[in-house]
Amino acid sequence: MQQFNIAITGLGGQGIITAGTILKNAALNSDLQDVSGSERRGGAQREGYVEAFVKYIFYDSVSEMQNQRKNMHSPMIASGDADVLISLEPIETLRAISYVNKNSVIIFNTNTHIPISVRMGKSKYPELYDILNSLYNITDKVFYYDFNKLSIENFGSIISVNVISLGVVFAKTNIPISKNVIENILLKGPKAQDNLRAFNIGLNL
Amino acid sequence: MANLFVEGKYGDKGIILGNEAIARGALEAGVGYASMYPGTPASEIIITLDKNKKYIKNIYTEFSLNEHISLHGAIGASWSGIRSLCAMKNVGLNVASEPAHFLAYTGVKAGLVLAIGSDPGAPSSSNEQDDRWYSLHTYMPILEPSNIQEAKDFTKKAFEISEQFSFGIILMAPSRLCHNAGILHFGDCLDRDLISGNFKRDPENYLNLFNLAVKNHKKYLERNELLKKYANTSELNIIIDAETGSRNHNRRRNNNRIGFISSGVIYAHLIEALNFINADNYKILKLGITFPLSEELIKRFLNDLDEVVIVEEAEGFLEFQIKKIAFEIGYQGKIHGKNIFNAYGELTVDDVIKGAANFLKKPPPEYFDTAVKNLEMISDKIPQRMGTFCVGCPHRGSIYSILKASGYSNTDSKDRDVIIAGDIGCYTLGLLPPYNAMDWLTCMNSGLSIGQAISIADKSKKIIALVGDSTFYHSGIPVLMNAVQNNSNILYIILDNSWTAMTGHQKTPSTKIDIDGIPIPNAINLKDLLKSLGISYIKTIDPNNVKRFSVLIKEALKEKGLKVIIAKRECILQEERRNKIKNVKLNNKPEIIYELQKERCVKCNECFVELACPAIQLKKEDDNKEFYFIDTVACVKCGVCYEVCPNGAIRKVEFNLHSLINSEPQVNLLNNKENKTELKIIA
Ligand code: SF4
Ligand code: SF4
């Protein structure tokens, strides 16, 4: 049995759940494949912490798939068990740091969203330099971009930050899914052309 | 596939949410009546059926006013021969506990399933209660699915069990299952043409009084015994035997003599945890039916074991029952549970890994501990982030006005003499910083209820009680009538945003216009309702008009007796959605931009901290100086910041889009870096 775990974190309104769903749909192609992963949804309110887990499972055989000791999977990712962490806000990357290990790939958005505690002067928003230091202490595979800027420049709003970040996953990690599968999923979804373009922007970063 | 949820059949598979899988299970079982009072994490169960109802024959869906009504509705449908599904969040069962306590007495006719979304860790609830304990006296059987597939299959099965034993069946789904998304293999649906109601009089079962009630009590205890027999052999309960001839790596404990018992999502954590620490040779009991437990089954499992570990969340409902059975059968081994796992907070996969690793003395891989430490090392450097109101949310204006009127902005002092009672809804977030607006928060309509007693107990204080429109209709009207009757000295502010916003914008009884702009018939007029109760002080105000609102609150607090203010403004998310649907064109309408002029801003923090609109953000210049700016992509142009800035630093720029595009001078109005982006977006 092979597994590939992706944790996606960020804030309400950034399309985290959608990104997770797109990735999960890629698991429908093979009979020996399974996928699960829970989502932490904020309420209707924005600003709150949101996360989605995508856990790909590839069984070696039908008998393994039917083995009750193998075919049940926690909806959560255990500490250190994520192959990829996608984070759409810098300090949320730090908050999710326990998911990664020294071989994981971290992809994050440098666009900051100042939480209330920082507004009130109760805490300090860390410098990008310090954030990078903490991340590089764990893994050297860290990739970061201003996804907000890219999305606004290309689409006039921040709506595409999630799909751009998915493109980066396919460029920088060994995700065991073909990018064509994702492109096909995007093609069938709403705003297909924009999403495909966003995905390709990420692929070429 | 057009709509897999409705049209899917045996052989199809799709990615689906746990809640949708429950709804699909009900659909396959031929559900005809589905009701709920919305509540996270269970909401999508009924939302899914409701939004698809035009494609589903013979289905009725209802967002009832509260859980008590909702469960009664499901009972009525069941008695009429229609399979019914009722959903609610954990605390909903407190409200529905009355009908739940009668259900075993009367029994059901067609299958009735009560899906409960529990919320360990309380990310969206005001407590973590484990509703399974109710079944010790309601006798409602409980099924606990572990994953998406079981969520669907168990729901379908629950309808059959319900009819076979004449019980309403509880389907427990914690948020980790409700909001788990994964692969579902579909089954076929029952023929929906067969659904038709026919209520037949059944006084023997439906009348409960005096000795009739006693008779029914006896009957359901007998049915419960039959159900235990069923549980003994049901395929919903599984024993996974330890392999014989075990590879006994660990000499200190014999694998074959230790076993685990678990259920639901925690069982999924357990399997993953045991694989994680390479401990794959222990006997495991997976309970799909967690009430009633079969003594036979437990006996069979405990039989050759020296020690058993029960892995479950909260206070240990399984442990309680299993220890009772163990006592009765004279079991000599040890039973562990809450001595290993916390009774509070969510039980995460990490917790189960740690618990199992410690108990079995099999350490998890090194990278696990390293990862845990990595976070510990930096966690105090990560600023806390808590949810807050959406950009443009009318509750922000309300909370801001209330704090200004009572003089408590930005203080969490214990000595306040205006008491502010919170309640359940989006506005609850006003209890968090920077507002710290509320003095208590417990259950639905606790604001006015507790408040009116305090107004008697402590006459030196002024009291403001808040309530949202949906919460008010849920159970607030009797409380208000009580306050009227006793002429409580309270200011009651109804935050009317037209929707049950927090759970995905269901209608409230006074929602007048639907999301697509269509008027809703039978909408209740809130003001008329209040008047009919004999309340003389009723004012209505737009909460975004913060200056007027705080003056109004100050005035109202001077008056004696019961005062009601309706803070009326639609939820901004709904307003925006409707505008999108109507495709409101910018064309010739003058466009407005709110601009924070950094050279005039003295950083008094009125907009940035006191009001705390998330669209007002902080940036550093190259020389490291910080300044505030309005993120025009996020700003919804509500204008509240413009009203609150005491220094005239926020200006309102009105222009015509066409002239903006066509003429230079207007462009010069906007002169900082961000505004370049801004122009691009609008143009
Ligand atoms: S106008 Fe001001 S308060 Fe309103 S959304 Fe924009 S920045 Fe926020
Ligand atoms: S209220 Fe006005 S002066 Fe005060 S921080 Fe905001 S923009 Fe600056």
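Visitor: Hi! What is the area buried between chain B and chain A?

Guide: About 5,900 Å² is buried between chain B and chain A, and carbon and sulfur atoms give 58% of that. Buried area here is the accessible area, taken with a 1.4 Å probe, that two parts lose on being put together, summed over both. Before we go on: this is a predicted model, where local features need pLDDT of at least 70 and side-chain atom pairs count only at pLDDT 80 or more, while totals for chains, interfaces and linings use all residues. Residues are numbered from 1 along each chain as its sequence is written, chains are lettered from A and ligands numbered from 1 in the order in which they are written, and side-chain values use heavy atoms, leaving out hydrogens and water.

Visitor: Good to know. How many residues does each chain bring to the contact?

Guide: Chain B brings 78 residues and chain A brings 68, with contact meaning heavy atoms within 4.5 Å.

Visitor: And which three residues supply more of chain B's buried area than any other three?

Guide: Those are Arg176(B), Pro383(B) and Arg385(B), which supply 14% of the area that chain B buries against chain A.

Visitor: How many salt bridges are there between chain B and chain A?

Guide: There are 7 between chain B and chain A, where a salt bridge is a side-chain nitrogen of Lys or Arg within 4 Å of a carboxyl oxygen of Asp or Glu. Arg176(B) turns up again here: it forms a salt bridge with Glu51(A), and the closest N and O atoms are 4.0 Å apart.

Visitor: What about the count over all chains?

Guide: The structure holds 41 salt bridges over all chains.

Visitor: Which residue forms a salt bridge with Glu160(B)?

Guide: Lys157(B), with the closest N and O atoms 3.3 Å apart. Both residues lie in helix H8 of chain B (residues 148-165), 3 residues apart, about one turn of the helix. Helices (H or I, at least four residues) and strands (E, at least two) are DSSP runs, numbered from the N terminus.

Visitor: Is Glu160(B) buried, exposed or partly exposed, and what is its relative accessible area?

Guide: Glu160(B) is partly exposed, at 40% relative accessible area. Buried means under 20%, exposed means over 50%, and partly exposed is in between, using a 1.4 Å probe and protein chains only.

Visitor: Which residue does Asp542(B) form a salt bridge with?

Guide: Asp542(B) forms one with Arg569(B), the closest N and O atoms being 2.7 Å apart. That pair links distant parts of the chain, 27 residues apart: Asp542(B) is in the loop between strand S20 (537-541) and helix H21 (546-558), and Arg569(B) is in the loop between strand S21 (562-568) and helix H22 (572-581), in chain B. Asp542(B) is partly exposed, with a relative accessible area of 28%, and Arg569(B) is partly exposed at 27%.

Visitor: S20 and S21, okay. Which sheet are they in, and in what order do its strands run?

Guide: They belong to an open sheet of 5 strands in chain B, ordered S15-S16-S17-S21-S20, and the pairing is parallel. Two strands pair if DSSP finds at least two bridges between them. The edge strands are S15 (418-421) and S20 of chain B, each pairing on one side only.

Visitor: Which helix packs on that sheet?

Guide: Helix H17 of chain B (residues 394-406) does, touching S15, S16, S17 (490-496) and S21 of chain B, and its direction makes about 160 degrees with that of S15(B). Axes are lines fitted to C-alpha atoms, for helices over the stretch in contact, and angles run from 0 to 180 degrees between N-to-C directions.

Visitor: How many bridges pair S15(B) with S16?

Guide: S15(B) and S16 of chain B (residues 462-468) pair over 4 bridges, in the parallel sense. Ala421(B) has Ala465(B) in S16(B) as its bridge partner.

Visitor: Switching to chain A: which residues of helix H5 are buried?

Guide: In H5 of chain A (residues 128-136), they are Ile131(A), Leu132(A), Ser134(A) and Leu135(A). Seen down the axis of H5(A), they fall within an arc of 160 degrees, so they line one face of the helix. The arc is that of the directions from the helix axis to the C-beta atoms.

Visitor: And what do they pack against?

Guide: The buried residues of H5(A) pack against helix H3 (90-95), strand S6 (100-109) and strand S7 (142-145) of chain A, together with helix H16 (366-378) of chain B.
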